[in-house]
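Subject: Structure handover

Hello,

Here is the structure for your files. Notes on what turned up in it follow below.

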Amino acid sequence: MSNERKAPPLPLPTATSSDDTSHLKQERAIHTRRTILNAAASVFADSGFPAVTIKDVADKAELTKGAVYFHFANKEAIAAAVADEFYRRLNEIIAPVLEGDQSSPATVADVMTEVARGFRDDDFIKAGSRLQIERPYIKADMPVPYVGFTDLLTELLENCRKAGTLETADPAALARVLRSALFGAQHISWVQADRQDVVDRVQEIVDVFLPPDRQAG
């Protein structure tokens, strides 16, 4: 028997566990889906649902059509996902405002202003508002527009009335007027100025409907 000591075996390469592989695949899938939705929001906002094709979305995302179809069955499914993101982002941008005094007219004004900034700056909000107009062309279940936002304004204005910070006989009616004025202003601003003046137009609405003399002293 030889006295020569055998060298210890070299360690085998560590294999990636199936869980790690699945996690990486999931992360890639989430990233790809997000890339597709970002691209779709941009092209829907620019061109509208009827004119956009799957190829347009794929080209904007720098992906193949097959990659898009892997995540979405058709263009309608993409539109529905963009609409869902539209509402999620609306909630997201006003959430910090709602951390303040919900019985102050200033909070109502700030909600209006933040939404106006979203219409100016966020592709998903631009696309979502356009998709709402184009609902008859989209053969998919789409959220009923403006309901949640109207309910929020109504609740805030009712809080103001109860707290004595705003003189209004009918908070629900004022909420409907503010909603219509806001979404009408963004549409006109889109047509006339590519929404570059939408914040100023919405500020005019606030000045007319929520001026200091309407607020209880």
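Six residues, R34, E85, R88, R89, E92 and D122, are joined in a network of salt bridges. Please keep in mind that the model is predicted.

Are the two partners buried or exposed? E85 counts as buried because its relative accessible area is 7%, under the 20% limit. R34, at 33% relative accessibility, is partly exposed.

The search of the whole structure gave 12 salt bridges.

- R161 and E158 form a salt bridge with an N to O distance of 2.6 Å. Both residues sit in helix α7 (residues 147-163), three residues apart, which is about one turn of the helix. R161 is partly exposed at 37% relative accessible area, and E158 is partly exposed at 22%.
- D121 pairs with R120, the closest N and O atoms being 2.8 Å apart. R120 has a relative accessible area of 25% and is partly exposed.

On the nonpolar side, the largest core has 31 residues, and the members that touch the most others are V108, M112, L153, L157 and L178. Helices α4, α5 (105-121), α7, α8 (171-193) and α9 (198-209) each give two or more residues to this core. Which element gives the largest share? It is α5, with seven residues.

Beyond its neighbours within four places in sequence, V108 is in contact with L153, L156, L157, C160, L178 and L210. There is also a second, separate core of 25 residues, and A41, F49, V57 and F72 are among them.

One item comes from a record. UniProt, in an unreviewed entry, places a "DNA-binding region" at residues 53-72. In the model, that stretch is 75% helix and 0% strand, and its end C-alpha atoms lie 13 Å apart. Two residues named above for the second core, V57 and F72, fall in the annotated range of residues 53-72.

Regards

How values were computed: Residues numbered from 1 in each chain as written. Predicted model: local features only at pLDDT ≥ 70, side-chain atom pairs only at ≥ 80, totals over all residues. Heavy atoms only, no water. Salt bridge = Lys/Arg side-chain N within 4 Å of Asp/Glu carboxyl O. Buried < 20%, exposed > 50% of the residue type's maximum accessible area, 1.4 Å probe, protein only. Helix = DSSP H or I, 4+ residues; strand = E, 2+ residues; numbered from the N terminus. UniProt positions renumbered as here; feature names shortened; annotations may be inferred. Core = buried A, V, L, I, M, F, W, Y, C linked by side-chain atoms within 4.5 Å. Contact = heavy atoms within 4.5 Å.
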